[in-house]
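Hi,

Here is the structure I promised to pass on. Have a look at it first, and my notes on what turned up follow below.

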Amino acid sequence: MSDHQHESDYQSQVEQLERESATAARLFDVRRIIGGLFVVYGVIVTIAGLTATEADLKKAQDININLWTGLGMLALGVFFLVWLKLRPTAVPTPPLPADPDGPGEDPAGEPGTSGRG
């Protein structure tokens, strides 16, 4: 195999890993995890509040604490998920390779010139 083909294979592998990394970054965004957990637990606690008995309310001085806590958890979970939808994770861009024709040192070693007259 030629050196150029090795370079091409390497570049395609790097590009594939960058795509997978960007997908993983979006998938495991902490806002998605926190929002999802708060929504799930909020639904469970809200259902517990809706099915509270008189004895449960009496224990909490007639405040349906499960209902209020569940609704608060639902609101917070929805906030995180809406935030994720409105401001998605930015995919990091890889650094560009150095431009051989760009500014730099000329063969004489003078910075900022490219050796052209």
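A helix here means a DSSP run of H or I that is at least four residues long, with numbering from the N terminus. Please keep in mind that this is a predicted model.

With that in hand, let's start in helix 4. Both F80 and W83 lie in this helix, 3 residues apart, which is about one turn of the helix. Their rings form a tilted aromatic pair, 5.8 Å centre to centre with 45° between the planes. The structure holds 3 aromatic pairs, and F79, F80 and W83 form one aromatic cluster.

Is F80 buried or exposed? F80 is buried, because its relative accessible area is 16% and the cut-off for buried is under 20%. W83, on the other hand, counts as partly exposed, at 37% relative accessibility. W83 also has a charged neighbour: the charged end of R31 sits over its ring, 5.0 Å from the ring centre.

Helix 4 spans residues 65-86 and also includes T69. T69 is partly exposed, with 37% relative accessibility. The C-alpha atoms of T69 and V45 are separated by 7.1 Å, although the two are 24 residues apart along the chain.

Now for the surface. F28, I33, L37, V40, Y41 and I44 make a nonpolar patch of about 610 Å². One of these residues, I33, is found in helix 2, which covers residues 30-50. I33 is partly exposed, at a relative accessible area of 40%.

Best wishes

Key
Residues numbered from 1 in each chain as written. Predicted model: local features only at pLDDT ≥ 70, side-chain atom pairs only at ≥ 80, totals over all residues. Heavy atoms only, no water. Patch = residues over 30% accessible without salt bridge, like charges linked within 9 Å, V, L, I, M, F, W, Y side chains within 5 Å. Areas by Shrake-Rupley, 256 points an atom, 1.4 Å probe, with all protein chains shown as cover. Salt bridge = Lys/Arg side-chain N within 4 Å of Asp/Glu carboxyl O. Helix = DSSP H or I, 4+ residues; strand = E, 2+ residues; numbered from the N terminus. Buried < 20%, exposed > 50% of the residue type's maximum accessible area, 1.4 Å probe, protein only. Phe/Tyr/Trp six-rings, centres within 6.5 Å; stacked < 30°, edge-to-face > 60°. Lys NZ or Arg CZ within 6 Å of the ring centre and 35° of its normal.
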